[in-house]
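Subject: Structure handover

Hello,

Here is the structure I promised you. Please open it and keep it in view while you read my notes.

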Amino acid sequence: GQTISATFRSVNPGLITSGTFSNRAYESENSGVLNFDEFSAFCADPFQSINFNERVTYQQTSVSSLTGASVISKLLGGYMASARTSVDAAAVQWLIWEVLIDGSSNLSLTAGNARLSNSGSSGQVLAKANTYISGLSGFSNYNFQYLTNASRQDMIRFTGVSQDTAGSAVPEPSTTVLSLVAGLAMWRRRR
């Protein structure tokens, strides 16, 4: 697959939430849409970290290698059809973690290895997540790319991805090609 380099800028929309992953505390952390200078994404790996303003090179990996890809596609479809509030973004983020950690057969953020607290803003996110679970079958599929990095959080990229065929990732032009085009334009301007 192709490589994509981007700088992580913000989590917005999103909320501070608390819960656990495999009995490891996830306390007062951002949950929602991760905005890079080149795209927006949801985190696919809560066990890794990423720092604000950090430049990361990702490998585009086959969506079919991702556990629960069809359910993630539906969750993204539900998110894109929603008002895309902070609560929506955090709910979809937690449900993606639920699918990746516990599988997609029995979604629940109150049982299993991905558990969301039921207090404060986390309680609002839990209620919204349950709404997404109950509406899942009615959501359209939404294409995404699966971006991986061995030492940083993997990503579910959902902006800038063609929506022509559900579930398939569309490669973007490589940096080399874009650099050549820019160089050619500058050379032509000088002549």
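First, a term. A helix here is a DSSP run of H or I with at least four residues, and helices are numbered from the N terminus. Please also remember that this is a predicted model.

Start with helix α2, which covers residues 86–102. It has 17 residues. From its first C-alpha to its last, α2 reaches 24 Å, close to the 24 Å expected at 1.5 Å a residue.

Is α2 mostly covered or mostly exposed? It is mostly covered, with 13 of its 17 residues buried.

Next, the core. The largest nonpolar core holds 54 residues. Its largest share, 10 residues, comes from α2. In soluble globular proteins, nonpolar side chains tend to be buried together. Phe 36, Phe 42, Leu 75, Tyr 79 and Ile 156 have the most contacts inside this core. Look at Ile 156. Leaving aside neighbours within four places in sequence, its contacts include Phe 42, Leu 66, Ile 72, Leu 76, Ile 96 and Phe 144.

Now the charged pairs. How many salt bridges does a search of the whole structure find? It finds 3.

- Asp 37 pairs with Arg 55, and their closest N and O atoms are 3.3 Å apart. Asp 37 sits in the loop between β2 and β3, while Arg 55 is in strand β4. They are 18 residues apart. Asp 37 is partly exposed, at 35% relative accessible area. Arg 55 is partly exposed too, at 49%.

- Glu 54 pairs with Arg 152, with the closest N and O atoms 2.6 Å apart. Glu 54 is in the loop between β3 and β4, and Arg 152 is in the loop between β6 and β7, so this bridge ties together parts 98 residues apart in sequence. Glu 54 counts as buried because its relative accessibility is 17%, under the 20% cut-off. Arg 152, at 22%, is partly exposed.

- Asp 88 meets Lys 128 at 3.7 Å, N to O. Asp 88 lies in α2 and Lys 128 in helix α3, so the pair ties together parts 40 residues apart in sequence. Asp 88 is buried, at 4% relative accessible area. Lys 128 is partly exposed, at 28%.

Best wishes

Conventions: Residues are numbered from 1 along each chain as its sequence is written. This is a predicted model: local features need pLDDT of at least 70, side-chain atom pairs count only at pLDDT 80 or more; totals for chains, interfaces and linings use all residues. Side-chain values use heavy atoms; hydrogens and water are left out. Helices (H or I, at least four residues) and strands (E, at least two) are DSSP runs, numbered from the N terminus. The expected span of a helix is 1.5 Å times one less than its number of residues. Buried means under 20% relative accessible area, exposed over 50%, partly exposed in between (1.4 Å probe, protein chains only). A nonpolar core is a set of buried Ala, Val, Leu, Ile, Met, Phe, Trp, Tyr and Cys residues joined through side-chain atoms within 4.5 Å. Contact means heavy atoms within 4.5 Å. A salt bridge is a side-chain nitrogen of Lys or Arg within 4 Å of a carboxyl oxygen of Asp or Glu.
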